[in-house]
Amino acid sequence: METMLFSPYTIRGVTLKNRIVMSPMCMYSCDTEDGKVRNWHKIHYPTRAVGQVGLIILEATAVTAQGRISSRDLGIWSDEHVGGLRELVSLVKEHGAKIGIQLAHAGRKSEVDGEIIAPSSIPFSEKTRTPKEMTKADIEETIQAFQNGARRAKEAGFDIIEIHAAHGYLINEFLSPLSNKRQDEYGGSPENRYRFLGEVIDAVKEVWDGPLFVRISASDYHPEGLTVKDYVPYAKRMKKQGVDLIDVSSGAVVPANISVYPGYQVPFAETIRREAEIATGAVGLITSGWQAEEILRNGRADLVFLARELLRNPYWPYAAAKELGTTIPAPVQYERGWRF
Ligand SMILES: Cc1cc2nc3c(=O)[nH]c(=O)nc-3n(C[C@H](O)[C@H](O)[C@H](O)COP(=O)(O)O)c2cc1C
C-alpha cells in the first residue's frame, strides 16, 4: 500500500525518508557535569536510525550551563561539545536517518546548583526555587548563547535545529502571561511576550540556513494562560521569520491536571497548520501505524513525533510498516544472510 507515513518529506532542501520523527527526550546520561556525549548517546540514537526512523531529534541540549534542566544534560555551550556531537551525527547519518538537535534553556525549571533565571522572579511551584528576574544584559547574553549553540550545531553537521519554546522552559516562560510579569518591552502585551522568542529566532537564522523547527506548548491548561488561539498569531510570526515547522506539544508552564488520551494534542497541530498555514508536527501518545497515517492523511500534521513508543520499540517503523501492509528497506546487514 502507498502510505503517507513512509513517503519522503522535503523541508528547506532536506529530505526525510519518511514522516516518523523521534521526539526529543532527555536522557540525563552525561556521567559528569561536562554536558558531553557519552557511550549511551552513541548507542541510543543510532539504534533508532537502524530502526528506520526518518528524523531523530536529540534531547534538550543546553545553550548555557545554567540553562540545563539537570547536571546530566547534554550541552552545547562550549566549542568543546562539538567533537562528541559530530561523532554522534555521523553515527546516525550512517544509517540513513537525518538528525536534529533541540536547543534549550531551562529558565526557572533548571535544577542545577547556583542561580536560576527567568523573565520574572516567580517560582514554578511551591517546591521549586525562586529565579532571578533577567536583566537586559542577561537577555542579550542568552540570545547570544542560542546563536552560539546554532553555530556549533552547524559545525557538528546537524540537518535540523529545533528551538525549545515549550514545556515551561525559558522561552515558554517569556511567552506565557502566567510566568512573565515584566513591565518592559519583553512583557505585557502578546507582542512583547513574543519578543524574546522572536529575537532568538533572528539570532539563530543569522548563522543557520537549514530547516528550523520550534516546539511550543499550545495550551497552558489554565484560565489565565495561553491557548491554541494565542499561538496561531505567534505561528504566523514565526513563519514570517523563516521558521519551517511548529512542533506542537502542550502544558508544563504551571502545574496542571491534564487529561491525556491518544492524540490529545493533535487538534492543536491541526489548528495551527490550518490557520497559520505552516507545517506542523503532531506529538503525544501516538503508538500505532494507522493512528500516524490518519493524522497525516487527514492533513492534521506533516510529521508525526513519537517519544515513549520509540523507547519501548526502537524498531517501531518496521512494525508500523507491517501494520499498514507495506514493506520498508532494512539495513543491508539484515538482508545478507537470511531474508528479513
Ligand atoms: C524520558 C522523556 C524525556 C523527555 N525529554 C524531552 C525533551 O528533552 N524535550 C522535549 O521537548 N520534550 C521532552 N519529552 C517529551 C516528549 O518529547 C514528548 O513530547 C512526550 O513524551 C509525548 O509523546 P509520547 O506520548 O510519544 O511519549 C520527554 C519525554 C520523555 C518520556
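A cavity, as I use the word, is a set of points on a 1 Å grid over the protein atoms alone where a 1.4 Å probe fits but cannot get out, and lining residues have an atom within 4 Å of a point. Grid points are joined across faces, edges and corners, and a volume is the space filled by probe spheres set on the points.

**Ground rules.** I am working on a predicted model, where local features need pLDDT of at least 70 and side-chain atom pairs count only at pLDDT 80 or more, while totals for chains, interfaces and linings use all residues. I number residues from 1 along each chain as its sequence is written, and my side-chain values use heavy atoms, with hydrogens and water left out.

**Cavity.** I searched the whole structure and got one cavity of 30 Å³ or more. The largest cavity holds about 40 Å³ of space. Its lining includes Ala60, Asp73, His105, His164 and Tyr169. Strand 4 (residues 55-62) gives the most to that lining, with three residues; strands here are DSSP E runs of at least two residues and helices are H or I runs of at least four, numbered from the N terminus. By class I get six nonpolar, four polar and two charged lining residues.

**Pocket.** Next I looked up the largest pocket (an open set with protein on both sides within 12 Å along at least five of seven lines). The volume of the largest pocket is about 610 Å³. I find 32 residues in its lining, with Pro24, His167, Arg215, Ser249 and Ala307 nearest the centre. They split into 18 nonpolar, 10 polar and four charged. Helix 9 gives the largest share, three residues; helix 9 (308-312) and strand 12 (303-306) each supply at least two.

I checked burial in strand 8 (residues 160-165): six of its six residues are buried, meaning under 20% relative accessible area with a 1.4 Å probe, protein chains only. Ile160, Glu162 and His164 sit on one side of strand 8, and Ile161, Ile163 and Ala165 on the other. Strand 8 pairs (at least two DSSP bridges) in the parallel sense with strand 5 (residues 98-104) over four bridges. Gly100 is opposite Ile160 there. Strand 8 also pairs in the parallel sense with strand 9 (residues 212-217), over five bridges, and I see Ile163 bridged to Val214. Strand 9 goes on to strand 10 through five bridges, again parallel; Ser217 partners Ser249. Strand 10 (residues 245-249) is largely enclosed by the rest of the structure, because five of its five residues are buried.

**Cores.** A nonpolar core is a set of buried Ala, Val, Leu, Ile, Met, Phe, Trp, Tyr and Cys residues joined through side-chain atoms within 4.5 Å. The largest has 88 residues, and Leu5, Ile163, Met238 and Ile272 touch the most other members. I also found a second, separate core of 14 residues, with Ile11, Ile160, Phe213 and Ala279 among them.

**Helix 10.** Last, I listed the buried residues of helix 10 (residues 316-323): Trp316, Pro317, Tyr318, Ala320 and Ala321. Their cover includes strand 3 (20-22), helix 1 (39-50) and helix 8 (289-297). After helix 10 comes Gly325, with a positive phi near 70°.

Notes:
Ala, Val, Leu, Ile, Met, Phe, Trp, Tyr, Cys and Pro count as nonpolar, Asp, Glu, Lys and Arg as charged, and the others, Gly among them, as polar. Buried means under 20% relative accessible area, exposed over 50%, partly exposed in between (1.4 Å probe, protein chains only). Contact means heavy atoms within 4.5 Å.
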